[in-house]
Amino acid sequence: MSQSQLLPVSRDEMLSRGWEELDVVFVTGDAYVDHPGFAVAILSRFLESSGFRVGIISQPDWHSADAWKIFGQPKLAFCISAGNMDSMINHYTANRKIRGADAYSPNGQIGLRPDRATLAYSQRAREAFPDCPVIIGGVEASLRRFAHYDYWSDKIKRSIALDSKADLLIYGMGEMPLLEIITRLRDGEPVQTIRNVRGSVYRLKQSEDLPPESKNVVHLPSMEEIEEDKLLFARMTRLIYDNLNPFLNITLVQEHAKEAVVANPPAMPLSQDEIDNIYNLPFTRKPHPIYDKKNQKIPAWEVIKNSIQIHRGCFGGCSFCSIAAHQGKFIQSRSKKSILNEIKSLTKAPDFNGIISDLGGPTANMYELYCRNTEAKQNCQRISCLFPDQCGNLKTDHGELIELMRETREIPNVRQVLIASGVRTDLAQLDKRYISELAAFHVGGHLKTAPEHVHQKVLNLMHKPPFDNYLNFCNEFSEHSQNAGKEQYLVPYLIAGFPGTTLQIAIDAAVCLKQHNIKSEQIQEFVPCPGELATCIYYTGINPLDGEPVYVPKKLRERRLQKALLMYHKPENYHDIKTALHEAKREDLIGNGASCLITAFPPKAESIKRTSQVKRLKKQNEKEKIEKEKRRELYELAAEEIKQKKFTQKFPDKKYFKPQQIDPNKIRSRYDETRQLDSDKTRPRRDENRRFDSDKTRPRRDENRRFDSDKTRPRRDENRRFDSDKTRPRRDENRRFDSDRTRPRRDENRRFDSDKTRPIRDESRRFDSDRTRPRRDENRRFDSDKTRPKRDENRRFDSDKTRPIRDENRRFDSDKTRPRRDENRRFDSDKTRPKRDENRQFDQDKPRRNFSDGRRFDGKPKRREFGDNSDLRNEKNYRQKSDYRKTADEKSQDGNSDNGTKRNDKNFGGGDGKRRETGNSERKFSSGAKRNNFQSKNHKPKKF
């Protein structure tokens, strides 16, 4: 092997070569391995061989632009690639979980490249040197050159050429387009004018005109159209795949709002001389020494370090594969001389073990296969040359490949040449000599094959041959292996969760695999990669080739069950398989029969494992719950500190009072919590029974209420009990007071404590004797000739003692006053009842706070503490007058006479503390006070 100096990865290495600056700087998401299996190695060596000074920045820290400045500004351009794989597929599994290792990073370390690496690297290049041209390429850029469906964000994304702000995008393998662009930049041509290079994509600004649609220019549905209509997305995908043939010379244009992307025709296939020159470059075939110093290994390089690539491209046209979209469908084969020379140079390496690990390419058995009809080749729009049937123009003779295999085995120091690339089984059966040669000399015990699935419906969507074709290949391979005296096995590769696969189809596939005793160890869940036909089916549910609807399993659970069914032989999948069989009502496959997939009872080891797993999950949930509570407490403390800081800044002279922590069992809320009375006895919620003078409870608002005994008062519209079992009639009927004597209807004479009648509403009313009470607006007599003032003045009860105005404390049977409607009310003693929404006092003179200004019933102010939640509910209805505590005589001195005062519109509904909206009517009290007329226009009183 010819030794050559590695390309510089640091400024010191650049200066050691005698270079003051670089022409091109490659930025890659892979570790730097100087091997033809790594794209950055091929492209950098190819430009170096053309006379350009090239440097490589491998896996830079994308959090800042410092790594892009180590060489200074490149003279010509930055060339950026995410690496050999799409960065999202490299990072995440089909279940959108982070992978455990990155095969293209030192020691498989994950996280050395960002998600959507091409975008991140382009942004940092622009940040470091805004005037330097940026060219993007690689698999990630090739598959995202148009608007595409992104599986990880589950939405349509714009072309990466627009999002990256790159000057140019190169799709495909890119050697010739990149060389042409760099050469033109070196000759002084601005990058903005380089728009006619094959295999490149450029963007059009709003001020630029779109190329008119013609025979060689096809306009794809715009970004906005495919977002709204999935059928147009399927049509766009079909147009892209119909024009992958570079000989058609078709330019594709797609609008993105105010901008557009223009994709020139694909680059022409490389001739045999051109591809030989590329692979004959002086590769060291080793990682850069910086990894050896740290004792780091590159897992991907360990697999391919002794492999030989003999061709590019694939004409299989599988719907889940992107090789045709990246490398093209035309096979570009190396010459036998170039391949043999590479093997001879490899055998001279001191660490060569005499085994060529792989002699192949994208597909192992397509070397030197091509279209024999040149005219048909130039006009061909077929996606696959093998599906739905084999093209008649395809050369299928494996003679040259067989001859190459034989010559490689004869090279000195080569003990064995293996075929590790996937073998296309339907193509291999067209030449039986290849199977015989393969089984006899090039299989190390296991041969990788890819039937992908067993159900014909799914195979049609995959563009794969029938499963019977694979079974025939298995029989022939087994026969040739026996003839060679070897015991060898096939390793099938299957895909789970592919579009079109239902749970029933997955069960049928598992039954078929068991019938043929096929136990696959390589099951891949389908991952919708941008730019693939299968991805279009997954997103739209439509086959873009025929427009037929397709069932798509998108739920992760369903995909997991399908994967478990294809691996029916593994004990750890027992419970998932059993769940799938029960859901599909295929219990006949559970048992000990030969046709059953699983046994009736799980394996002992799996049962113990599942029990342990449940226990572990319970412990984990408990631990997470405790941690969550701790985080919540820390958050509350931080929030309280912030609150205190803001309060101190706003009110520097005031002291901050931390809100008290209230026990939820003792909280006194306005509506929802219990309320305390005059003792430890509590009053229930607003709509529940309320305690009065004892443990006896008062029923809900609309139920009977207890007063001073167990005697209850009926509902609002029913008879109410007062101080005895004697009942009071309904609101609009005769009501009983202290005896069985009845009072007439509201508008008739009413009886009080005797048979003496009370005149009509507007006349004098009798009370306890023949003494009459004046009209509504005059003084009213009670139990004597003493008069009671007008409606809005103090009223006399049983003596000359007066009762204050309606909105003030009212006197009952003594000088003791009763507060306003919404304040504490007195009954038959000095005991007061609290407000409706506050604690109420009953049998004691203990005062309680009334108004929002902090006054108590005894006139003394009460301090209102911070955080107190006992605000008055109907505070806005109170009128805080300056003469609130004035007596009747003082009011008379102020000019408020008995005949000039008006009462409030709302009154109390009796001694029960029940609030009633009564307009301007009046009501009576238990001691003989006048009652309101609660009768509306349409209300008719009921007879008692």
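User: What joins the side chains of Asp431 and Arg433?

Analyst: A polar contact of 3.1 Å. Such a contact is a pair of N or O atoms within 3.5 Å, where, within protein, one must be able to donate a hydrogen and the other to accept it, and residues adjacent in sequence count only if both atoms are side-chain atoms. This is a predicted model, where local features need pLDDT of at least 70 and side-chain atom pairs count only at pLDDT 80 or more, while totals for chains, interfaces and linings use all residues. Numbering runs from 1 along each chain as its sequence is written, and side-chain values use heavy atoms, with hydrogens and water left out.

User: Where does Asp431 lie, and what makes it count as buried?

Analyst: Asp431 is in the loop between α17 (425-428) and α18 (432-441). Buried means under 20% relative accessible area, exposed means over 50%, and partly exposed is in between (1.4 Å probe, protein chains only). Asp431 comes out at 8%, so it goes down as buried.

User: How do you know whether Arg113 is buried or exposed?

Analyst: Its relative accessibility is 1%, so Arg113 counts as buried. You'll find Arg113 in the loop between α3 (87-91) and α4 (117-128). Its side chain makes a polar contact with that of Asp102, at 3.1 Å.

User: What makes Arg158 and Glu259 a salt bridge?

Analyst: The N to O distance between their side chains is 3.5 Å. A salt bridge needs a side-chain nitrogen of Lys or Arg within 4 Å of a carboxyl oxygen of Asp or Glu, so the pair passes. Arg158 sits in the loop between β7 (155-157) and α6 (160-163) and Glu259 in strand β12 (residues 259-263), so they tie together parts that are 101 residues apart in sequence. Arg158 itself is partly exposed, at 25% relative accessibility.

User: How many salt bridges does the structure hold?

Analyst: There are 39. One of them pairs the side chains of Glu302 and Lys305 at 3.6 Å, N to O. Both ends are partly exposed: Glu302 has 32% relative accessibility, and Lys305 has 23%.

User: What parts does the bridge between Lys570 and Glu521 tie together?

Analyst: The closest N and O atoms of Lys570 and Glu521 are 3.3 Å apart. Lys570 belongs to the loop between α23 (556-566) and α24 (574-583), and Glu521 to the loop between α21 (503-515) and β22 (522-525), so the bridge links parts 49 residues apart in sequence. With a relative accessible area of 48%, Glu521 is partly exposed. Elsewhere, salt bridges with shared partners join Arg17, Asp34, Arg45 and Glu48 into one network.

User: Which residues form the negative surface patch?

Analyst: Glu224, Glu225, Glu227, Glu228, Asp229 and Glu255. Patch members have over 30% relative accessible area and no salt bridge, with like charges joined within 9 Å (nonpolar side chains, namely Val, Leu, Ile, Met, Phe, Trp and Tyr, within 5 Å). Helix α8 (residues 223-228) gives the most, 4 residues.

User: Why is Glu227 called partly exposed?

Analyst: Glu227, in helix α8, has 43% relative accessibility, which is why it counts as partly exposed.

User: What makes Ala594 exposed?

Analyst: Its relative accessible area is 77%, so Ala594 is exposed. Ala594 is in the loop between α24 and α25 (604-650). Its C-alpha atom is separated by 9.0 Å from that of Gln515, 79 residues away along the chain.

Technical notes: Areas by Shrake-Rupley, 256 points an atom, 1.4 Å probe, with all protein chains shown as cover. Lys, Arg positive; Asp, Glu negative; His and termini not counted. Charge placed at Lys NZ, Arg CZ, Asp CG, Glu CD. Helix = DSSP H or I, 4+ residues; strand = E, 2+ residues; numbered from the N terminus.
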